[in-house]
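Subject: The structure we talked about

Hi there,

Here is the structure I promised to pass on. Please have a look at it first, and then read my notes below.

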Amino acid sequence: MNNYFVILAAGKSKRFSSKIAKQHIVYKNKEIIDHSIEKALNSKIFKQIIIVTNDLNRLKKRKYPKLIKIIKGGKERSDSSFKALKYLKKYKPKNVFIHDAARPNFSIDLLKKIEKNLRNNKAVVPVITSKDSIKYKFKNQVFNLHRGNSLLTQTPQAFRFKELFNLAIKDKSKVNDEATIFLNRNHKVKFIKGENSNNKITYLEDLNENKTFYGLGFDIHRLIKNKKLFLGGVRIPFHSGLKGHSDGDVILHAITDAILGALRRKDIGTYFPNTEKYKNIRSPKMLKPVIKDLYKSNFSINNLDINLICEQPKVSEYRTRIVNSISKLTNLKKDLINLKGKTVEKLGLIGKEKAIACEVIISITKYD
Ligand code: ZN
């Protein structure tokens, strides 16, 4: 195992509108660069991992394992890469892998596949084919490139150190990857299948990885005489109704809170406090503006699951009407709404028919 892993992280991220350099932005709960560092470490195939950066202070403060070295980068990507090669020369590496820090999504399997291919090749480069049609512009003329013949090169790319070093000394052009150095001199490159998920983070919007959110809602109201019972916006004949500042509809309150939870916008009390203005308000009037806000913010609801917790009334008798009502209020298809009835073995206030509770979980997804 005489492999060395170089992570190029000296870029200025010109196309990235953010104060922090791209490689230090948090993505999937870690800084972008740390994904590459951890994968290289966990693969256990590297003697050293070299981080090339222009922000030495930031990285030197960290407690990295000994095999991680931090060196200063150059102005261009190709300068940084060459600096790493010069630094590595004294260790006499057999193989060197070069990787852009902006690609955090490669797999450890890919590293191993590359290493395996290096046994019989001097340059191994992962490629994917384009999903889009490609045109090539040259001197104001546009050519069609056959999609099947167009290769998109990714990193990590791996090379026999000696070959790459000798070619890099001679090649002073500003290349975007090391495969170009090999190809410029007609040296053979072994292309292997890359990973579609190994995309390069170039724009800030590339980071919006999480589009699905969940929200949890819970509500309970006391049952009192001489009040109408509303559940899920449906008037239900019963000996009591739910006490509250509003009509006490536990289902709609729990749904409203679940949506606000998924949207990360606090709770129902924030928008509908117990003030004179909302006294005796019907609960659909609280749900509707929240639903409107949800759809206006480009979210769609995936599904809604509801537990209605009470001894009486029997949910099975009203399920269809309640689901229909919720479907109308939310614009959600009926088959995406599930209502379960749950009794509590006659325990406590709910068991004695003195209260009704409800819990809801919702899943929503943001679209562009
Ligand atoms: Zn309530």
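These notes go from the overall build to the zinc site and then to one proline.

First, the ground rules. This is a predicted model, in which local features need pLDDT of at least 70 and side-chain atom pairs count only at pLDDT 80 or more, while totals for chains, interfaces and linings use all residues. Residues are numbered from 1 along each chain as its sequence is written, and side-chain values use heavy atoms, with hydrogens and water left out.

**Overall build**

The protein has eleven helices and 19 strands; these are DSSP runs numbered from the N terminus, with helices being H or I of at least four residues and strands E of at least two. It is divided into domain 1 (3-207) and domain 2 (211-366), with bounds from an automatic or database domain assignment. The C-alpha centres of the two domains lie 52 Å apart. Along the principal axes, the C-alpha atoms fill a box of roughly 90 × 50 × 40 Å.

Of the 368 residues, 49% are buried, meaning under 20% relative accessible area, with exposed being over 50% and partly exposed in between (1.4 Å probe, protein chains only).

**The zinc site**

Which residues coordinate the zinc ion? They are Asp219 (OD), His221 (NE2) and His253 (ND1), at 2.0 Å. Donors here are N, O and S atoms within 2.8 Å of the metal (3.2 Å for Na, K and Ca), and water is not among the atoms, so the site may look incomplete. Along the chain, the donors follow the spacing D-x1-H-x31-H. Because His221 lies in strand S13 and His253 in helix H7, the pair ties together parts that are 32 residues apart in sequence.

Strand S13 spans residues 212-224, and helix H7 spans residues 250-263. Both histidines are buried: His253 has 7% relative accessibility, and His221 has a relative accessible area of 14%.

The side chain of His253 makes polar contacts with the side chains of Asp219 (3.0 Å) and His221 (3.4 Å). A polar contact is a pair of N or O atoms within 3.5 Å; within protein, one must be able to donate a hydrogen and the other to accept it, and residues adjacent in sequence count only if both atoms are side-chain atoms.

Leaving aside neighbours within four places in sequence, His253 is in contact (heavy atoms within 4.5 Å) with residues including Ser246, Asp247, Ile268, Ser283 and Met286.

**One proline**

Pro284 is in helix H9 (residues 284-296). Is this proline buried or exposed? Pro284 is buried, with a relative accessible area of 15%. Not counting residues up to four places away in sequence, Pro284 touches Asp247, Leu252, Pro289 and Leu329. Asp247 is also among the contacts of His253. Pro284 and Lys131 are 153 residues apart in sequence and 46 Å apart in space, C-alpha to C-alpha.

Best wishes
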